[in-house]
2 protein chains.
Amino acid sequence: MNLLLLEEADFVAADRVVLADRRFTHMQDIHRVAVGDRLRVGRIGGLMGQAEVLSLAAHQAELRVSFDQPPPAKLPLTLVLAVPRPKMLRRLFQTIATLGVPRLILVNSYKVEKSFWQTPFLHPDSIRENLILGLEQARDTVLPEVIIEKRFKPFVEDRLPAIAADTLGLVGHPGPYPACPRAVDRPVTLAIGPEGGWIPYEVDLLAEAGLAPVQLGERILRVETAVTALLSRIF
Amino acid sequence: MNLLLLEEADFVAADRVVLADRRFTHMQDIHRVAVGDRLRVGRIGGLMGQAEVLSLAAHQAELRVSFDQPPPAKLPLTLVLAVPRPKMLRRLFQTIATLGVPRLILVNSYKVEKSFWQTPFLHPDSIRENLILGLEQARDTVLPEVIIEKRFKPFVEDRLPAIAADTLGLVGHPGPYPACPRAVDRPVTLAIGPEGGWIPYEVDLLAEAGLAPVQLGERILRVETAVTALLSRIF
């Protein structure tokens, strides 16, 4: 936790917060804070700044806070991702928040197992929890938007063309395609397939929506590694 | 498992292998293979090719194998990494094998907790197991070399200069440094610090050994994400 993220409900006054949950435990067990210590804090959706520990009780801490610094810029990106297996999904929410993805659209795909859609990690509370862990890692305060599109074809045919319009549309896909571009200086719409990849029909539909296939070389990457590798190369 | 990796001990004839372990279970449970099915295989340290399932018994499978394809090229890189926490370390062995890192040197650092060195994931058998998982993911056959250097100063002062000679030496480190270079076309020696980063003394010693600090932006990345992001940008 490189940034302590504060919710509106934590505030007991304009410049005071009281923490009693996971964040309090983390402050005690990992940071081993004492009264008078200073910590980096951020207001969810708002500015970042400093906190000073005013008091520590058995189960809670009170901090004086001030905010003066904007969070880092997000990537100019919409990321479309086939739903990965639950364990990977959970980490992916953290990773995309850390990397500065502002909008994630989770879609179905032929090779997504139906059971993946049943995971509790798709519950809004769980999504938010993991996004916050990713923001705390990166030192960012702004939650990415997460959109769930269970049906591939209606999404790609009816809604994706408007999302991809005026952006560079890309599909990360192993095969005889052009190499993924580097250092792109305009907005990007990027689609990344499931383990096992998109099927040709899906690649065709994505291409009709304005997303051109690009590849990163012969090596087959796990989804989480592919997301980081593609974003690091594109931006 | 995108590639079934074969050990010398699996061979019962020049073109036949018998599998009875994790790989047999995986073939049955995940790939649901039947007699006559074909699979991608590789010989550890050697060529890749095809296998045909000749017979399936309750606890083992026999395959006919042939090899004709070289594994993908490795990156021209020596990666120097401060030992991360055990759970991260385990995944990192997989990730660096997947990404094509040919040589990993694990070093101590001021912010590495002493307990990290006690993890069973540093046992040679465990390292090999996780490297193989990474190779199977990527479709590669050649195990990366892993070197353990428990003492930072003697390694950096006495051995790192010769490793970094005639390479582009870089230290990934957040701060007011030049941006990490892109699309480098020569060998690289890259050092990545622990959670919490190198201390200034360590950055100075690494610089004396020929490694210049570079940064990837304001966001603080987990070590695994930083490794993927830096390699994807540099190569």
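Mentor: Contact here means heavy atoms within 4.5 Å. This is a predicted model, where local features need pLDDT of at least 70 and side-chain atom pairs 80 or more, while totals for chains, interfaces and linings use all residues. Residues count from 1 along each chain as written, chains are lettered from A and ligands numbered from 1 in written order, and side-chain values use heavy atoms, without hydrogens or water.

Trainee: Okay, how many residues of chain B are in contact with chain A?

Mentor: Look at the place where the two chains meet. Chain A puts 30 residues into the contact, and on the chain B side the number is 30.

Trainee: Which residues of chain A lose the most area to chain B?

Mentor: Buried area is the accessible area (1.4 Å probe) that two parts lose on being put together, summed over both. Chains A and B bury about 2500 Å² between them, 45% of it on carbon and sulfur atoms. On the chain A side, 28% of what is buried comes from three residues together: Arg219(A), Ile220(A) and Arg222(A).

Trainee: Are H6(A) and H6(B) parallel or oblique to each other?

Mentor: Helices are DSSP runs (H or I, at least four residues), numbered from the N terminus, and their axes are lines fitted to C-alpha atoms over the stretch in contact, with angles from 0 to 180 degrees between N-to-C directions. Under 35 degrees is roughly parallel, over 145 roughly antiparallel, 65 to 115 roughly perpendicular and the rest oblique. The two H6 helices, residues 223–234 in each chain, come within 8 Å and cross at roughly 45 degrees. H6(A) and H6(B) are therefore oblique.

Trainee: Which residues of H6(B) make that contact?

Mentor: From H6(A) come Glu224(A), Thr225(A), Thr228(A), Ala229(A), Ser232(A) and Arg233(A). Facing that set, H6(B) brings Glu224(B), Thr225(B), Thr228(B), Ala229(B), Ser232(B) and Arg233(B).

Trainee: Inside chain A, at what angle do H2(A) and H3(A) cross?

Mentor: H2(A) spans residues 86–99 and H3(A) residues 124–138, and their axes come within 7 Å. Their contact includes Phe93(A) and Ile96(A) of H2(A) and Leu131(A) and Leu135(A) of H3(A). The pair is therefore oblique, crossing at roughly 40 degrees.

Trainee: How far apart are the axes of H2(B) and H6(B)?

Mentor: The angle between H2(B) and H6(B) is about 15 degrees, which makes H2(B) roughly parallel to H6(B). Met88(B) and Leu92(B) are among the H2(B) residues that meet H6(B), whose own set includes Val227(B) and Leu231(B). The distance between the axes is 10 Å.
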